[in-house]
Structures are given as C-alpha cells and as structure tokens.
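Please work through the following exercises on helix packing and chain contact with the model at hand.

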Amino acid sequence: MIGALRVARVAAELQFKEVAVSGFLLFGALVQPFFIGVMTMFMLRHRPDFDPVYVVVGAALSGLWSVLLFAGSSAISHERSLGTLELVVAAPASFFVVYGGKIAGTLAFSLVSVLLSYAIGAWLFGYPITVADPVGFAASLVLALVALWSTGMLFAPLGILWRTVGRFLGLMEYPIYSLSGFLFPILLLPGWTLPVSYLLPPYWAALALHASARGELDLVGLAEVWAVLLFTAVVLMLVSSRLFRAVLQRARRAGSLALT
Amino acid sequence: MHLFLVTADYTFRALFHWLSPVPYVINRLLFPLVQLVFFALVGQYGGSQSLSFYLVGNAIGVATLSTFGVAQAVADERWQGTLSYLLASPAPRVPVFFGRAAYHVVDGMLNMAAAFALAVLVFGLRLPLEGLSGMVLSMLVATVALCGVGLLLGSLAYIFLDAILLANWAMFILLLLTGMNIPLSELPGFAAAIGEALPLTRSIAAARLYAAGAPLDAGLGLLAGDLAIGAAYAVVGYFVFGWLETRARIQGRLEGV
C-alpha cells in the first residue's frame with residue numbers, strides 16, 4: 001500500500017511538472033475558465049436570484065474538468081509518442097496506480113482555476129464572494145476532486161484502446177458541464193438525461209459545492225450528497241479498474257500496445 | 001485556378017488531419033453542437049435575452065471553428081516538413097495562400113446548417129421563410145470573414161509554434177465580444193469597441209434580424225461591413241505570410257521560429 005502510494009506520488013509530481021509547462025493546458029487552466037467565468041457572469045447576472053458565488057463555483061468546476069479531461073486523455077497518447085508506454089505498462093508497479101497518480105497531479109495543477117474564478121467574481125466584477133458554510137464547502141471541494149478524479153479514470157483506458165481518443169474525449173467537455181449542472185440546473189435538460197446526471201459523480205460534486213456555498217443544505221443534507229458522491233465515485237473507480245485490466249490484457253495479447 | 005483547387009483540396013484533407021471521416025464528424029459537427037447546447041441553456045437560465053437570441057448567435061458562432069482549420073492548415077506545413085518545399089516552389093503565392101481557406105468556407109456553412117437544424121428540431125427555433133435567404137447570406141459572410149482571421153493566425157503560426165493555441169484564444173475572444181452571448185451594449189466600452197472590430201459581430205446581428213423576419217436588404221449593410229473586416233484580416237495575413245517568408249530566407253531559418 002505504501003509502495004503504491006509512493007508510485008502514485010511520483011507519477012503525480014511528474015505529471016504536475018509536465019502540465020505546468022504545457023501552453024495548451026495553461027490555457028485550459030487559466031484562460032478558458034476566465035472566459036467562461038466572465039461570460040456566464042454577464043449571462044446570469046440579470047436573474048432576480050443571482051448569486052455570483054454560483055458562477056464562481058461553476059466556472060471553477062468547468063476549469064477543473066477541462067484540464068483534467070485534456071491532460072488525462074492525452075497522458076497515454078503522450079507516453080505512446082515518447083515511446084515510454086510499453087515501459088510503464090511492463091513495470092511491476094500497477095498501471096492503474098501510475099495513471100491514478102497522473103490524474104491526481106493534473107487535478108492539483110488545475111486547482112489554480114478555482115482561485116482564478118474567485119478573482120473574476122471578487123476583483124473583476126467587484127461582487128462580495130462569501131461562502132455560507134466554509135467547512136462544508138472545503139469538505140465538498142475535497143470530495144469534488146475525488147469525483148472528478150474517478151470520472152477522469154473511467155475515460156483513461158480508452159486511450160489504450162483507441163489512438164484518437166483525445167478527439168472523442170474532447171467532446172465530453174461541454175456535456176459534462178451541462179449534465180453535471182455546473183452553471184445551470186439540470187432540470188433545464190430533457191427528462192431522459194436526468195438519470196445520466198445522477199450517475200455522474202461531478203453532478204453530486206456540483207450539488208454539494210453550490211449548496212454549501214449558498215448555505216442551502218444543513219449538515220445532514222450535505223452528508224447525504226457526499227455519501228452519494230462517494231458511492232458513484234467508488235463505482236466508477238471499480239469499473240475503470242476492471243476496464244484498465246481488460247484493455248491492457250487485450251493489447252498485450254494482440255501485441256498492439258503501441259499501435260492501437 | 002488549378003493550383004488554387006489543388007491547394008484547397010490537399011490542405012483541407014491532409015493538413016486538417018481527417019483522412020478518415022470520423023475525426024471530421026467529431027471535430028466539425030459534434031463539438032460545435034454541444035457548445036451551442038451549453039451556451040443556449042446557460043442563456044435560457046439567465047433569462048436576460050430570448051432563447052432565440054442565444055440559438056441564432058451560437059449557431060452562427062459555430063463558424064469560429066473555421067479559424068482552427070485554416071490556421072492549422074498553414075501552420076502544419078512546418079510540422080510535416082513540407083514548408084521548405086512549398087516556399088522553394090515557383091508557385092504564385094496568392095492561390096497557395098488563399099486556397100487554404102476555400103473548402104473551409106463550404107465546411108463552415110455545413111456546420112452552421114447542422115447547428116441551425118439542431119436549434120430548430122431540439123429547441124424549436126422558428127426561422128421565417130422570408131428571412132431564409134438573408135440567413136444563408138449571413139452564414140456565408142460569417143464563415144468567409146472568419147476564414148480571414150484563420151489565414152492571419154496561420155501566418156502568425158510561422159513565428160508562434162502553437163497555431164491551435166492562437167485559434168483557441170481567437171475562439172474565446174469571439175465568443176465573448178461579438179455579441180454571440182452577450183449584447184455589446186452590456187459590455188464595457190473598450191470591450192464593445194474591440195467587438196466592433198471583429199468579424200462575426202455584424203453577421204450575428206444580421207442573422208438575428210433575418211430570424212425575426214426582416215427583409216433581405218435590412219441586413220446587407222451589416223454583412224458588407226463584416227465582409228470588409230474579414231477581407232482586411234485575410235489581406236493582412238497574406239502580407240504577414242510574405243514578410244515572414246522573406247525574413248526566413250534572408251536569415252536562413254525557414255523551419256525556425
């Protein structure tokens with residue numbers, strides 16, 4: 001267990017260093033949330049019940065998800081282009097743990113978008129940004145990272161199976177914003193999409209963050225949301241763990257790890 | 001003309017990375033549609049404008065994707081090692097340069113048609129028949145004008161390594177400042193002034209007029225303005241391209257930055 005954590009930490013550190021100097025990911029972490037935050041602030045501020053904290057939280061979540069999606073989906077293809085994918089897979093350390101560390105490193109880097117979103121609301125627009133339940137919000141933020149991590153892990157094995165996975169996963173950026181209710185309630189979506197939202201950990205993360213920021217739920221209500229978030233995150237993690245194993249075995253049998 | 005057509009064909013298929021149709025469908029059709037749905041729903045939730053304001057703005061705004069294709073087509077010559085062959089060839093530069101945008105105009109129209117189909121079928125957008133010809137004209141002008149921006153960005157990509165990053169900047173600036181999602185009157189003065197100097201601003205305004213049933217001549221002035229701005233971007237791009245080519249030859253660093 002300690003060995004696995006050490007591997008994950010090293011992978012996270014390496015990934016952090018890589019994404020921190022990537023122009024494209026810096027754009028995703030800094031520039032894109034800026035534009036999304038400013039645009040949605042303008043678009044939502046005429047609502048009678050407008051709360052700038054809602055936009056700050058939503059824009060921060062969108063930044064976290066975009067960086068995670070692009071860095072996570074390109075991590076395997078990046079290893080492949082460097083010629084190191086076979087070495088990582090053949091190493092005695094679990095590939096799931098290595099990749100989990102990479103996703104964690106990406107998430108740590110993308111936290112900068114949370115600060116940026118706060119700055120947009122507080123400094124650019126001059127709104128008072130106050131969190132009604134700071135303790136609940138802090139706990140929700142930690143659990144939101146778990147939720148996003150598990151969702152990113154679900155998409156990752158597809159990078160081994162499918163060389164052009166980045167193109168497909170890039171498509172998941174706005175649908176996750178929408179299905180998870182980052183910047184508008186999911187009730188605006190067609191009814192048939194609601195079960196999909198309920199299965200997504202980021203939806204519960206957004207619910208917990210929005211509710212704790214606005215003080216809409218007491219501790220019991222918040223704990224219920226956290227419990228569902230953790231349940232869906234664990235389910236996705238188990239699915240992704242099996243998917244990793246199955247996809248790697250398939251690639252090994254076919255001798256197509258670097259070619260698929 | 002032959003050179004123009006050959007350049008148009010090869011740069012669209014090979015330099016735009018879609019020798020097979022699946023990446024094309026994903027990049028050019030599905031991505032703009034999910035973006036349109038997101039901004040339309042945020043706008044609907046905000047409630048300051050009608051839903052049709054956001055649907056028409058974002059359906060025309062799908063043309064911003066044209067800037068990616070055109071910019072990438074110019075910049076990828078360097079990545080694929082064909083830049084030196086291209087610049088050493090005696091081919092006249094005008095068809096080589098402007099040919100890169102030709103197919104993207106048609107492609108942009110297709111993407112916008114798909115976006116409007118989605119807006120009509122899913123969100124119930126109503127487009128009056130009397131405004132239809134004006135709407136098609138707005139789509140054409142929007143995509144031509146944005147190809148001008150793409151050509152300028154592609155030229156700049158000879159000195160900036162990452163053309164896609166430049167195109168991403170352009171896309172978000174266009175999303176914010178052209179009135180696609182926020183009326184220009186709500187933006188601070190300096191931001192609205194920048195918006196007025198960007199292509200797409202007038203095409204979107206004209207498209208909204210036509211979506212409300214205005215006759216064709218109601219938006220022609222706006223469209224002429226956007227066409228002129230788009231042409232200005234393309235011409236500046238052409239001269240930047242020529243200047244960088246000359247500079248690279250003199251300094252002997254064709255593949256450098």
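Predicted model: local features only at pLDDT ≥ 70, side-chain atom pairs only at ≥ 80, totals over all residues.

**Exercise 1.** Determine how H12(A) and H13(A) are oriented to each other, and describe their contact.

*Solution.* Begin with the geometry: helix H12 (residues 201–214) and helix H13 (residues 219–254) of chain A pack at an angle of about 160°, and their axes are 8 Å apart. Angles over 145 degrees count as roughly antiparallel, and therefore H12(A) and H13(A) are roughly antiparallel to each other. Their crossing is left-handed. Next, identify the residues: H12(A) contributes, among them, A:Pro201, A:Trp204 and A:Leu207, while those from H13(A) include A:Leu222, A:Trp226 and A:Leu236. By class, this contact of H12(A) with H13(A) comprises 13 nonpolar, two polar and no charged residues.

**Exercise 2.** Determine how H6(B) and H7(B) are oriented to each other.

*Solution.* Helix H6 (residues 93–121) and helix H7 (residues 132–156) of chain B pack at about 140°, with axes 9 Å apart. H6(B) and H7(B) are therefore oblique to each other. The crossing of H6(B) with H7(B) is right-handed. Residues of H6(B) including B:Phe97, B:Arg100 and B:His104 meet residues of H7(B) including B:Met139, B:Thr143 and B:Cys147. The contact divides into eleven nonpolar, five polar and one charged residue.

**Exercise 3.** Which element gives the most to the side of chain B that touches chain A?

*Solution.* In the contact between the chains, 26 residues of chain B meet 27 residues of chain A. Helix H2 (21–46) and helix H8 (163–177) of chain B are the elements that each give two or more residues to that side of chain B. H2(B) gives the most, with 15 residues. By class, the side of chain B that touches chain A has 15 nonpolar, nine polar and two charged residues.

Methods
Residues numbered from 1 in each chain as written. Chains lettered and ligands numbered in written order. Axes fitted to C-alpha atoms, helices over the stretch in contact; angles between N-to-C directions. Helix = DSSP H or I, 4+ residues; strand = E, 2+ residues; numbered from the N terminus. Parallel < 35°, antiparallel > 145°, perpendicular 65-115°, else oblique. Left-handed = near helix turned anticlockwise from the far one by under 90°. Contact = placed C-beta atoms within 7 Å. Nonpolar A, V, L, I, M, F, W, Y, C, P; charged D, E, K, R; others polar.
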